[in-house]
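Welcome! Let us take a friendly walk through a protein model, one topic at a time. Please have a look at it before reading on.

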Amino acid sequence: MATAMYLEHYLDSIEGLPFELQRNFSLMTDLDGRIEGKKAEIDNLAAEYTANVRDLSSEERVDHLKRIENAYNKCREFSDDKVQLAMQIYEMVDKHIRRLDAELARFESELKDKLDSSGQESSDEKKSRKDKSVREKRRCSGRSQKTSNHESPKQTAQKGSDALLAMHPSDVLDMPVDPNEPTYCLCSQVSYGEMIGCDNADCPIEWFHFACVDLTTKPKGKWFCPRCVQEMKKK
């Protein structure tokens with residue numbers, strides 16, 4: 001769908017290009033004809049001047065040379081116009097080439113972002129299904145400690161985050177907490193809602209609730225928690 005949109009927009013932008021190129025080439029062909037005509041005129045004037053120079057008076061010689069000079073000047077004007085048309089054609093085509101390069105770069109960037117987002121959503125769906133299975137087991141075993149012992153804090157945090165994503169933080173805080181369930185964040189609460197991991201490998205807390213660190217969406221690139229940021233500033 002996106003490819004068709006980009007292609008359609010670009011084709012619309014170059015719709016008039018062939019006509020513009022044909023027009024400029026036609027003008028250049030016409031100028032070529034005029035230049036050749038002036039060159040023939042100059043050759044004839046020069047031959048006439050050479051043949052009759054002895055019989056011409058001073059004023060006639062000057063007048064004849066003036067006609068040759070004017071023909072040369074006109075020929076040069078036509079040549080300059082032809083060069084200008086050639087430059088216009090080059091700039092016209094180059095502009096569309098640059099636009100195509102820019103559109104391709106933007107399309108590749110958006111496609112990459114879309115694929116990354118799709119991959120993230122697929123990963124979240126798998127985690128959600130896995131978390132649902134874990135919750136069913138917990139209901140049967142009365143929130144057994146077995147799962148906590150076999151999973152890392154990061155896995156537990158992500159699972160808790162997906163499981164309680166639709167719940168309000170205040171509702172989660174009012175829930176009874178399993179004393180064996182690990183806690184995270186600056187608030188020292190269990191995992192709930194959306195959480196983000198600190199990119200500092202030595203961070204003692206590791207995972208944080210979005211609301212506790214004033215986040216609404218996951219930031220791009222590396223993210224460091226407030227405590228690690230303060231420690232970095234001290235260094």
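## Two nonpolar cores

A nonpolar core is a set of buried Ala, Val, Leu, Ile, Met, Phe, Trp, Tyr and Cys residues joined through side-chain atoms within 4.5 Å. Here "buried" stands for under 20% relative accessible area, "exposed" for over 50%, and "partly exposed" for values in between, using a 1.4 Å probe and protein chains only. This is a predicted model, in which local features need pLDDT of at least 70 and side-chain atom pairs count only at pLDDT 80 or more, while totals for chains, interfaces and linings use all residues. Residues are numbered from 1 along each chain as its sequence is written, and side-chain values use heavy atoms, with hydrogens and water left out.

Which residues have the most contacts inside the largest nonpolar core? They are Ile-196, Cys-198, Cys-203, Phe-208, Trp-223 and Cys-225, in a core of 15 residues. Strand S1 (195-197) and strand S2 (207-209) each supply at least two residues of this core; helices (H or I, at least four residues) and strands (E, at least two) are DSSP runs, numbered from the N terminus. Another core, of ten residues, lies apart from this one and includes Cys-75, Phe-78, Ile-89 and Met-92.

Let us zoom in on one cysteine. Once its neighbours within four places in sequence are set aside, Cys-203 is in contact (heavy atoms within 4.5 Å) with Cys-198, Phe-208, Cys-225 and Cys-228.

## Cysteines without disulfides

How many disulfides does the model have? A disulfide is a pair of cysteine sulfur atoms within 2.5 Å, and by this rule the count is zero. Take Cys-228: its sulfur is 3.4 Å from the closest cysteine sulfur, in Cys-225, and that is too far for a bond. Cys-228 is buried, because its relative accessible area is 5%.

Not counting residues up to four places away in sequence, Cys-212 touches Cys-185, Leu-186 and Cys-187. Cys-212 and Cys-185 are 27 residues apart along the chain, and their C-alpha atoms are separated by 7.5 Å. With a relative accessible area of 30%, Cys-212 is partly exposed.

Side chains of opposite charge can pair when their charged atoms come close. The term salt bridge is used for a side-chain nitrogen of Lys or Arg within 4 Å of a carboxyl oxygen of Asp or Glu, and the structure holds seven of them. One of these joins Arg-34 to Asp-30, with the closest N and O atoms 3.3 Å apart. Both residues lie in helix H2, four residues apart, which is about one turn of the helix. Arg-34 is partly exposed at 44% relative accessible area, and Asp-30 is partly exposed at 38%.

Lys-39 and Glu-36 also meet through their side chains in a salt bridge, at 3.6 Å from N to O. Because they are three residues apart in helix H2, about one helical turn separates Lys-39 and Glu-36. Glu-41 forms a salt bridge with Lys-38, where the closest N and O atoms are 3.2 Å apart. These two are also three residues apart in helix H2, so about one helical turn lies between Glu-41 and Lys-38. Glu-41 counts as partly exposed at 33% relative accessibility, and Lys-38 does so at 21%.

## Two positive phi values

Most residues other than glycine have a negative phi, and most peptide bonds are trans. Ser-188, however, has a positive phi near 55°. Ser-188 sits in the loop between helix H6 (169-173) and S1, and is partly exposed at 49% relative accessibility.

Asp-214 is not a glycine either, and has a positive phi of about 60°. Asp-214 is in the loop between S2 and H7. Is Asp-214 buried or exposed? At 72% relative accessibility, Asp-214 counts as exposed.

## How confident is the model?

The predictor's confidence in each residue is its pLDDT, from 0 to 100. The chain has a mean pLDDT of 77, with 71% of its residues at 70 or more. Confidence is highest in helix H2 (residues 17-52), at a mean of 91, and lowest in helix H4 (residues 146-150), at 40. Over residues 141-154 the pLDDT stays under 50, and the model has 14 contacts beyond four places in sequence for them. Residues 156-170 are also below 50, and this stretch has 37 contacts in the model beyond near neighbours in sequence.
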